[in-house]
Amino acid sequence: MTSGAVPSGAVPSGAVAARAPAKINVHLAVGPLRPDGFHELRTVFLAVSLYDTVTAAPGEGLSLAVAGEGTGAATGGAVVPADSRNLVWQAAELLARHAGVRADAALAVTKAIPAAAGLAGGSADAAAALVALDVLWGTRASRSDLSGLAAQLGSDVPFSLLGGIALGTGRGEQLSPVLARTPWHWVLGIAGEGLSTPTVYAELDRLRAAGRVPDGTGLAPAEPVIAALRSGSPAALAAGLSNDLQAPALALRPALRRALSAASDAGAAAVLVSGSGPTVAALAVDEAHAVRLTATLAGAGVFRTVRAVSGPVPGARLLG
Ligand code: C5P
């Protein structure tokens with residue numbers, strides 16, 4: 001290869017790039033705490049069109065660079081580590097061990113999905129890394145092998161790999177795809193500071209122990225929201241949205257109430273906290289409505305970032 005500047009956004013020669021989407025949980029029923037420290041879930045994931053990209057280039061040992069959303073100082077303190085604490089690094093070590101190859105790669109993550117936002121950004125990065133490294137190293141892992149590795153990395157990583165719409169059970173890693181083709185339009189309102197997922201689950205346990213929210217035995221069924229997704233009716237989906245982590249996220253971050261109200265007042269068909277928060281997901285009735293909602297919410301002064309997205313979109317895929 002001749003030397004010279006690599007055009008911005010291009011994948012360097014010999015490198016492999018993959019991207020993976022953010023997710024919204026349109027149904028998130030959380031059961032009691034299990035002995036293994038996780039909660040039994042019944043959730044419906046929807047992959048949406050906000051993507052992180054992971055590039056894997058030949059290297060000696062592992063190196064990692066992170067850039068983009070949530071990696072600068074001006075993002076309210078959300079820090080994406082560029083070392084072995086990053087799920088991308090762990091994904092590389094896990095795949096190398098699984099395939100019996102050396103973990104040699106120069107990895108670069110470009111984030112568009114905010115960190116610690118309830119959008120599975122870290123899981124998307126791990127899923128994209130598995131897909132990119134599988135090709136870079138020629139490990140030829142099957143999708144089911146990759147899914148097994150993904151589940152070891154985190155509860156949401158198998159869904160980041162699969163994408164689309166899926167019912168998640170167990171701790172969220174056991175997936176059944178849901179076929180529903182209607183595109184759904186959302187506006188994501190991202191507030192200043194991230195929330196830690198374990199902290200939000202622990203707050204739910206505390207609220208339950210204090211009798212302030214239902215105890216989580218008897219998980220709410222997912223069928224109504226799945227039927228709503230299949231119906232294509234925004235009113236039906238609006239009526240079916242639910243998230244057991246919303247109450248603890250609000251308890252930890254009271255300002256979120258104002259953010260939810262701002263999205264309601266702006267005319268969203270429905271609003272809910274995405275996953276463990278603090279992202280607010282506002283449902284639009286169609287694309288034009290999403291554009292109007294985005295403009296209104298961007299001017300509301302409550303959110304650091306406002307993004308119009310749609311889904312379902314595919315899970316982690318190679319680029320180029
Ligand atoms: O699986 P993951 O590493 O993403 O989970 C992070 C943390 O979130 C867990 O350590 C646990 O505290 C909490 N969690 C949970 N129940 C789940 C998923 C996550 O309690 N089903």
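**The ligand and its pocket**

Modeller: S155 has a polar side-chain atom 2.5 Å from an oxygen atom of the ligand. Keep in mind that this is a predicted model.

Colleague: OK. How far is the side chain of H39 from an oxygen atom of the ligand?
Modeller: An N or O atom in that H39 side chain is 2.6 Å from a ligand oxygen.

Colleague: And which atoms pair up at R171?
Modeller: There the backbone takes part: an N or O atom of the R171 backbone is 3.0 Å from a nitrogen atom of the ligand.

Colleague: How much of the ligand's accessible area does the protein cover?
Modeller: 74% of it. On its own, the ligand has 460 Å².

Colleague: Which residues are around the ligand?
Modeller: Among them are G37, F38, L41, G154 and Y201. By class, the shell has four nonpolar, five polar and one charged residues.

Colleague: Which element gives the largest share of that shell?
Modeller: α5, with three residues.

Colleague: New topic. Where does the ligand sit?
Modeller: In the largest pocket. The volume of that pocket is about 1100 Å³.

Colleague: Which elements each supply at least two residues of the lining?
Modeller: β1, β2, α2 and α5.

Colleague: Last one: how many residues of each class are in the lining?
Modeller: 20 nonpolar, 18 polar and seven charged.

Key
Residues are numbered from 1 along each chain as its sequence is written. This is a predicted model: local features need pLDDT of at least 70, side-chain atom pairs count only at pLDDT 80 or more; totals for chains, interfaces and linings use all residues. Side-chain values use heavy atoms; hydrogens and water are left out. A residue is near a molecule or strand if one of its heavy atoms lies within 4 Å of it. A polar contact is a pair of N or O atoms within 3.5 Å; within protein, one must be able to donate a hydrogen and the other to accept it, and residues adjacent in sequence count only if both atoms are side-chain atoms. Accessible areas come from the Shrake-Rupley method with a 1.4 Å probe; for residues, only the protein chains shown count as cover. On a 1 Å grid over the protein atoms alone, a cavity is a set of points where a 1.4 Å probe fits but cannot get out, and a pocket is an open set with protein on both sides within 12 Å along at least five of seven lines; lining residues have an atom within 4 Å of a point. A molecule sits in a cavity or pocket if more than half of its atoms lie within 2 Å of its grid points. Helices (H or I, at least four residues) and strands (E, at least two) are DSSP runs, numbered from the N terminus. Ala, Val, Leu, Ile, Met, Phe, Trp, Tyr, Cys and Pro count as nonpolar, Asp, Glu, Lys and Arg as charged, and the others, Gly among them, as polar. Grid points are joined across faces, edges and corners, and a volume is the space filled by probe spheres set on the points.
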